[in-house]
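Reader: I'd like to go through this model with you. Can you put it up?
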Amino acid sequence: MSQSRSFRAGIIVLLVGSLIGLAVSLYAYFTPLTGVNDTLGALVVILSTIALVVLTLVLAPLSCRSGRVALRVLILLALVGTGFAGLLLHQWLLTAAMVVGLIGLLMDMASPTASTKTVHS
């Protein structure tokens, strides 16, 4: 039971980081005087955070090991790329949200999955 909770905690932290990143990028894109309003970079960050939210929601119920590994690699690349874009856009809160997402991803990777079974010989 605790394995399932720790698995869920990593996914929840990753989802919260992605949603905070989405909120920050939407604020930066639509609010005047942020320095990045109506720019292509901010729009790309909005799309990448939406992709992070979708990938996280797909990762949560997935039980296939190879599928989980592939999604984790994609999520890691998206987190690093979006965090770097946050640095270039001078949106420090966006970069902090991606660090929170990275912590959630690491929690998810460190915890054993609920589908792990002991093999008796």
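Reader: Which side chains meet in a salt bridge at 3.1 Å, N to O?
Author: Those of R72 and D108. A salt bridge here is a side-chain nitrogen of Lys or Arg within 4 Å of a carboxyl oxygen of Asp or Glu. R72 sits in helix α3 and D108 in helix α4, so the pair ties together parts 36 residues apart in sequence. Before we go on: this is a predicted model, where local features need pLDDT of at least 70, side-chain atom pairs count only at pLDDT 80 or more, and totals for chains, interfaces and linings use all residues. Residues are numbered from 1 along each chain as its sequence is written, and side-chain values use heavy atoms, with hydrogens and water left out.
Reader: How many salt bridges does the count come to?
Author: It comes to 2. In the other, R68 meets D108 at 3.2 Å, N to O. R68 is in helix α3 and D108 in helix α4, so this pair joins parts 40 residues apart in sequence.
Reader: Is D108 buried or exposed?
Author: Buried, because its relative accessibility is 0%. The cut-offs are under 20% relative accessible area for buried, over 50% for exposed, and partly exposed in between (1.4 Å probe, protein chains only). R68 counts as buried at 4%. R72 does too, at 13%.
Reader: On to α4. Which of its residues are buried?
Author: L94, T95, A97, M98, G101, G104, L105 and D108. Down the axis of α4 they fall within an arc of 170°, so they line one face of the helix. That arc is taken from the directions from the helix axis to the C-beta atoms.
Reader: And which exposed residues does the face turned away carry?
Author: W92, L93 and A110.
Reader: What span should α4 have?
Author: 27 Å for its 19 residues, 92–110, at 1.5 Å a residue. The rule is 1.5 Å times one less than the number of residues. The end C-alpha atoms are 27 Å apart, which agrees. Helices are DSSP runs (H or I, at least four residues), numbered from the N terminus.
Reader: New topic. Which residues have the most contacts inside the largest nonpolar core?
Author: L14, L52, L59, I75, L79 and M98, in a core of 23 residues. Helices α1 (2–30), α2 (40–59), α3 (65–88) and α4 each supply at least two of its residues. A nonpolar core is a set of buried Ala, Val, Leu, Ile, Met, Phe, Trp, Tyr and Cys residues joined through side-chain atoms within 4.5 Å.
Reader: What is L59 in contact with?
Author: Leaving aside neighbours within four places in sequence, I11, L14, R68, L71, R72, I75 and D108. Contact means heavy atoms within 4.5 Å.
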